Amino acid sequence: MPLWLSEDDVASLVTPGEAIPVIEDCFRRTAAAQVELMPRRRFAVDDGYFAVMAAADRGLGVAGLKSYTVVRGTLTFVVCLFDTTNGSLLAVIAADRLGQVRTGAASGVAARYLARPGAESLGLIGAG
């Protein structure tokens, strides 16, 4: 039986700070050609769109897809995670908070490597 994680489960399990080393390791596996990514694909549905993106991480032995809908301004995200050694479905994860955590962690990795040594302030340009 696959694991089901709700938005509340995800929020209680990991913070962007805790995710930084995980995302950094993922970037390393991507650079080592252990990760294959499928670009986001969007298409129209009534009053919105449906999007799908996928990846396989040979380093971890998993593959997954994130899909989401935007219908009448409401977004719904889900991740399905598969074991690539036997093809089984490992987890179904509500993924709004998961995406927020991943985005924050990726920004943390970027700041670690792109900020000037000793930097103490951050400037933001734009609103979104």
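**Helix α3 and what it packs on**

Modeller: Gladly! Helix α2 (residues 16-31) and helix α3 (residues 96-114) pack with their axes 8 Å apart, at an angle of about 70 degrees. Since angles of 65 to 115 degrees count as roughly perpendicular, α2 and α3 are therefore roughly perpendicular to each other. Please keep in mind that this is a predicted model.

Let's look at who takes part in that contact. From α2 come Pro16, Ala19, Ile20, Ile23, Glu24, Phe27 and Arg28. They meet Arg97, Val101, Arg102, Gly104, Ala105, Ala106, Gly108, Val109, Arg112 and Tyr113 of α3. Sorted by class, the contact of α2 with α3 has ten nonpolar, five charged and two polar residues.

Now for α3 on its own. Within α3, the buried residues are Gly99, Val101, Ala105, Ala106, Gly108 and Val109. These buried residues pack against α2 and β4.

That brings us to the sheet. It is an open one of six strands in the order β1-β6-β5-β4-β3-β2, with mixed pairing. β1 and β2 are its edge strands, each pairing on one side only. On average, neighbouring strands of this sheet are turned by 15 degrees against each other, direction ignored. Helix α3 packs on the sheet and touches β4, β5 and β6, and its direction makes about 90 degrees with that of β6.

Strand β6 (residues 89-94) runs parallel to strand β1 (residues 3-5), and three bridges join them. One of the residues involved is Leu5, whose bridge partner in β6 is Ile93. Strand β5 (residues 74-83) also pairs with β6, in the antiparallel sense and over five bridges. There, Cys80 stands opposite Val92 of β6. The hairpin of β5 and β6 has five residues between the strands, and in it Gly87 takes a positive phi near 80 degrees.

Arg72 has a positive phi of about 50 degrees although it is not a glycine. Is this residue buried or exposed? Arg72 is exposed, with a relative accessible area of 67%.

The loop between β2 (35-45) and β3 (48-57) holds Asp47. Phi of Asp47 is near 60 degrees, a positive value in a residue other than glycine. Asp47 counts as exposed, at 51% relative accessibility, the cut-off for exposed being over 50%.

To put α3 back in its place: it packs with α2 at an angle of about 70 degrees, and it packs on the sheet by touching β4, β5 and β6.

Definitions and conventions
Residues are numbered from 1 along each chain as its sequence is written. This is a predicted model: local features need pLDDT of at least 70, side-chain atom pairs count only at pLDDT 80 or more; totals for chains, interfaces and linings use all residues. Side-chain values use heavy atoms; hydrogens and water are left out. Two strands pair if DSSP finds at least two bridges between them. Helices (H or I, at least four residues) and strands (E, at least two) are DSSP runs, numbered from the N terminus. Buried means under 20% relative accessible area, exposed over 50%, partly exposed in between (1.4 Å probe, protein chains only). Axes are lines fitted to C-alpha atoms, for helices over the stretch in contact, and angles run from 0 to 180 degrees between N-to-C directions. Angles under 35 degrees count as roughly parallel, over 145 as roughly antiparallel, 65 to 115 as roughly perpendicular and the rest as oblique. Contact means heavy atoms within 4.5 Å. Ala, Val, Leu, Ile, Met, Phe, Trp, Tyr, Cys and Pro count as nonpolar, Asp, Glu, Lys and Arg as charged, and the others, Gly among them, as polar.
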